[in-house]
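Here is a short briefing on one protein chain.

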Amino acid sequence: MKIDVLTLFPAMFAGPLDESIIHRARQRGLLDLKIHNLRDWARDRRRTVDDQPFGGGPGMLLKPEPLFEAIAALRREKTKVILLSPAGRKFSQSIARELAAEEDLLLVTGHYEGFDERVRAALADDELSIGDYVLTNGALPAMVVIDAVTRLLPGVLGDDESSRRESFSAGLLEEPQYTRPAEFRGMKAPDVLVSGHHAEIEKWRREQAKRRTRERRPDLLK
Ligand code: 4FV
């Protein structure tokens, strides 16, 4: 998969995407990730990317020109252009699976009070929000999307089994999990899990996942 990111803060991406699973996916060519500075498409001497909102009001907006030029330069035939903003549809595991099936994503991150509406209307194939709160810019949301999508790419996670049997994969929260020692400070791992009875274990896991989902996220059951 190819992912391009448009941002005013390229340096923010150094670190989180250079470690562990995402780093290995990039090294193995399973993910071709490139970070681009939007300011490189600002043509005036002061490389301006923002301006005041028409009609007044606080803050600044991202101007259309640099974004139109940058997206025109980076977009290819199969590219899906995705804006990150609080006004987008709520990002989820099912959307992550959807995007993992794409070949080519261009993530456009916001800043200031957001985008000139013509960017959204003319260029966006999709718009995603990572949650109902306001961040200083769209860099972290882009990294969240990159992480959640990359780990679903074939071959990225050790055994693809693990991404199949996790929270939200079956629309449920994950059941309680235990590892050695079977007893720790008087707290015992459930006998069924150390019993070796796979049918019993699967039954217990499903029951526990449903119970935890019912208690914590009944909305998921709807
Ligand atoms: C955001 C979110 C988010 C809003 C103003 C950047 C900020 C600034 N993006 N999910 N929540 N963006 O808060 O995606 O433009």
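Where does Tyr112 lie? Tyr112 sits in the loop between β6 (104–109) and α4 (117–123). The model is predicted.

**Backbone**
- Most residues other than glycine have a negative phi, and most peptide bonds are trans.
- Tyr112 is not a glycine, yet its phi is positive, near 55°.
- Tyr112 has a relative accessible area of 28%, so it counts as partly exposed.
- Ser20, also not a glycine, has a positive phi of about 50°.
- Ser20 belongs to helix α1 (residues 20–27).
- Ser20 is partly exposed, at 42% relative accessibility.
- Arg180 and Pro181 are joined by a cis peptide bond, with omega about 5°.
- Pro181 is in the loop between α6 (161–164) and β8 (183–184).

**Largest pocket**
- The volume of the largest pocket is about 390 Å³.
- Its lining has 22 residues, and Leu84, Ser85, Pro86, Val134 and Leu135 are the closest to the centre.
- Two or more lining residues come from each of β5 (79–90) and β7 (126–129).
- β5 gives the most, with four residues.
- By class, the lining holds 11 nonpolar, nine polar and two charged residues.

**Surface patch**
- Met12, Tyr133, Leu135 and Leu140 make a nonpolar surface patch of about 360 Å².
- Tyr133 is in the loop between β7 and α5 (139–150).
- Tyr133 has a relative accessible area of 44%, so it is partly exposed.
- Leu135 belongs to this patch and is also among the residues closest to the centre of the largest pocket.

Methods:
Residues numbered from 1 in each chain as written. Predicted model: local features only at pLDDT ≥ 70, side-chain atom pairs only at ≥ 80, totals over all residues. Heavy atoms only, no water. 1 Å grid on protein atoms, 1.4 Å probe; cavity = no way out; pocket = protein on both sides within 12 Å on 5 of 7 lines; lining within 4 Å. Points joined across faces, edges and corners; volume = space filled by probe spheres on them. Nonpolar A, V, L, I, M, F, W, Y, C, P; charged D, E, K, R; others polar. Patch = residues over 30% accessible without salt bridge, like charges linked within 9 Å, V, L, I, M, F, W, Y side chains within 5 Å. Areas by Shrake-Rupley, 256 points an atom, 1.4 Å probe, with all protein chains shown as cover. Salt bridge = Lys/Arg side-chain N within 4 Å of Asp/Glu carboxyl O. Buried < 20%, exposed > 50% of the residue type's maximum accessible area, 1.4 Å probe, protein only.
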